[in-house]
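Here is a short briefing on helix packing and domain contact. Look over the sequence and the model first.

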Amino acid sequence: MNEAVQTLSTEALLQAVFVFVLTAFVGYEVVSKVPTMLHTPLMSGANAVHGVIVVGAMLVAASSEGPLRIVLALLGVILGTINVVGGFVVTDRMLEMFKRRPDAKP
Amino acid sequence: MTTLDVVTFFVYLVGSVTFILGLKFLASPVSARRGNRLAATGMAIVVGWVFVTEFLLREGGLTTVWILAVGIPVGAAVGVVGARRVPMTAMPQMVAIFNGAGGGAAALVAAAEFLRDAGGGGELLPVTFMVATLLGAVIGSVSFTGSIIAFGKLQGIVSGRPVTYPGDKVVTGALLAGILVLGVILTLVTNSVPLFLVFVALALVLGVAAVMPIGGADMPVVVSLLNSYTGIAVAATGFVLNNYALLVAGTLVGASGGILTQLMCRAMNRSLFNVLFGAFGTAGGAVAAGAAGDQHIREINAEDAAVLMAYGRKVIIVPGYGMAVAQAQQTVRELMDLLIARGVDVEFAIHPVAGRMPGHMNVLLAEANVPYDRLKEMDEINDDFPNATVALVIGANDVTNPAARTDTSSPIYGMPILDVDKAEHVIVLKRSMAAGFAGIDNPLYSDPRTTMLFGDARKSVEALVAGVKAA
């Protein structure tokens with residue numbers, strides 16, 4: 001059995017579950033207060049955040065052997081980069097429009 | 001643990017904190033942009049650090065660095081061009097396609113991990129590893145094809161109508177059951193590679209089968225849900241790779257996408273189950289066709305409509321997708337400025353699901369420099385409609401449909417709506433008498449207070465602007 005599988009020891013797994021559950025609560029709390037008018041940028045911003053999958057694709061790429069895994073890694077890196085770069089840029093474009101107006105309430 | 005591992009741990013921690021703060025800052029328009037940039041910076045730090053440790057500092061790391069040299073520029077070019085070129089009206093499908101890319105990436109990462117470890121002799125891979133890998137692969141795949149179909153429906157490439165056929169639910173159920181059974185076999189009996197490929201193929205088909213029967217009007221909810229799915233798939237790969245950056249970011253999006261989906265369903269007064277399996281919009285289409293014959297529609301010309309508004313006390317503008325399609329938001333702003341200059345009180349009534357996404361109208365009107373304190377949410381403005389001289393409905397349909405209040409047979413019965421029919425006059429700008437996106441008949445149009453101004457929304461508003469200037 002190889003390294004990656006071994007690191008998923010019971011201890012590591014339990015810690016990960018702990019982080020998973022607490023993060024789920026954080027996600028719920030943080031988002032439940034967002035006003036409707038910002039829901040579209042929010043969806044788009046959250047979409048950009050899961051673009052972190054590009055890191056996973058990079059980790060796969062770093063240890064790739066064999067043509068099949070290399071192809072998977074390459075496609076993963078491309079798709080992950082589209083997600084993360086496109087996500088942040090499009091969100092920024094939307095939010096640019098929410099800049100403050102002189103006659104607007106804060 | 002080496003020093004490098006410790007630094008990596010803290011880099012992931014910093015990244016995770018910026019992701020949480022980024023979402024938190026989105027709660028206010030003042031800080032939202034800063035939040036997004038903060039999260040992007042955190043992301044860049046994480047990606048940069050992984051590049052340094054996994055490729056530059058690791059022995060033999062440079063042998064596959066070409067994958068990044070090719071993949072990152074290609075992905076970045078597609079992402080930037082797509083994000084910059086897309087018109088604001090097409091934002092929902094853009095989010096859908098970026099989300100699909102993320103889901104696809106998660107499935108690929110899970111598949112690559114499985115293929116590395118599978119087939120290495122008789123011993124089965126650990127159950128926890130297999131469960132996480134299979135979840136990443138199946139949810140990522142569903143999100144990938146589902147997002148593509150959602151994109152197609154929003155873009156008009158795939159029919160926006162619910163696509164159903166006899167037994168479609170059975171097929172979807174069978175796909176789901178097949179995936180479950182294969183998943184159990186793959187985990188407990190054999191780590192067979194061909195079986196895994198069948199498993200992924202079923203998941204890809206399931207994504208298509210699950211989204212096709214859902215009507216175009218419900219796509220925002222679907223995009224939000226698929227966004228949440230991709231988050232969960234990413235979290236699963238975080239378990240597979242034991243990587244906390246993936247785990248935290250994925251879980252955060254999974255949870256936030258989940259609650260956002262709930263909020264959207266609540267705004268339409270429907271359950272998620274109804275959205276996903278109700279094939280919304282098929283029954284309504286038939287009703288609309290039958291009822292259209294005996295409607296009495298009164299038309300108004302732009303000059304008369306302009307005079308009505310110019311000499312009114314208060315005008316409430318109700319924007320909808322029609323305004324977005326016609327790119328009329330700038331002209332609408334101009335109309336607002338002219339009316340305000342004449343002493344007319346102008347406000348905008350924003351239904352939570354107006355347009356193709358919640359907040360869609362806010363984005364468009366903000367783009368046109370409409371101050372956001374003039375944009376009122378439904379609960380805030382509904383009591384004001386009786387005081388309005390004119391309710392000007394620009395390309396909105398279902399969110400103004402009084403049938404939602406009274407007609408128990410209407411598919412949207414019970415959905416909270418904007419009470420435009422309580423205004424003194426209702427002027428509806430509409431391209432034609434065709435039924436709305438959801439395919440439901442709207443009795444508002446035959447209401448005696450209602451007059452219709454047919455044509456492209458921008459041309460109509462331009463005519464109103466000219467009319468107000470002349471009045």
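This is a predicted model: local features need pLDDT of at least 70, side-chain atom pairs count only at pLDDT 80 or more; totals for chains, interfaces and linings use all residues.

At what angle do helix α14 and helix α18 of chain B pack, and how far apart are their axes? The angle is about 20°, and the axes lie 9 Å apart.

**Helix pair**
- Helix α14 of chain B spans residues 329–341, and helix α18 of chain B spans residues 457–470.
- Angles under 35 degrees count as roughly parallel, so α14(B) and α18(B) are roughly parallel to each other.
- Their crossing, α14(B) over α18(B), is left-handed.
- From α14(B), the residues in contact are B:T331, B:V332, B:E334, B:L335, B:L338 and B:L339.
- They meet B:R458, B:V461, B:E462, B:L464, B:V465, B:V468 and B:K469 in α18(B).
- By class, this contact of α14(B) with α18(B) holds 8 nonpolar, 1 polar and 4 charged residues.

**Domain layout**
- Chain B is divided in two: domain 1 covers 3–277 and domain 2 covers 297–470.
- The C-alpha centres of domain 1 and domain 2 of chain B are 37 Å apart.

**Domain contact**
- Domain 1 of chain B gives 16 residues to the contact, and domain 2 of chain B gives 18.
- On the domain 1 side, α4 (91–117), α8 (219–241) and α9 (244–267) of chain B each supply at least two residues.
- The side of domain 1 of chain B that touches domain 2 has 11 nonpolar and 5 polar residues.
- That side of domain 1 of chain B has no charged residues.

Methods
Residues are numbered from 1 along each chain as its sequence is written. Chains are lettered from A and ligands numbered from 1 in the order in which they are written. Axes are lines fitted to C-alpha atoms, for helices over the stretch in contact, and angles run from 0 to 180 degrees between N-to-C directions. Helices (H or I, at least four residues) and strands (E, at least two) are DSSP runs, numbered from the N terminus. Angles under 35 degrees count as roughly parallel, over 145 as roughly antiparallel, 65 to 115 as roughly perpendicular and the rest as oblique. A crossing is left-handed if the near helix is turned anticlockwise from the far one by less than a right angle, and right-handed if clockwise. Two residues are in contact if their C-beta atoms, placed from the backbone, lie within 7 Å. Ala, Val, Leu, Ile, Met, Phe, Trp, Tyr, Cys and Pro count as nonpolar, Asp, Glu, Lys and Arg as charged, and the others, Gly among them, as polar. Domain bounds come from an automatic or database domain assignment.
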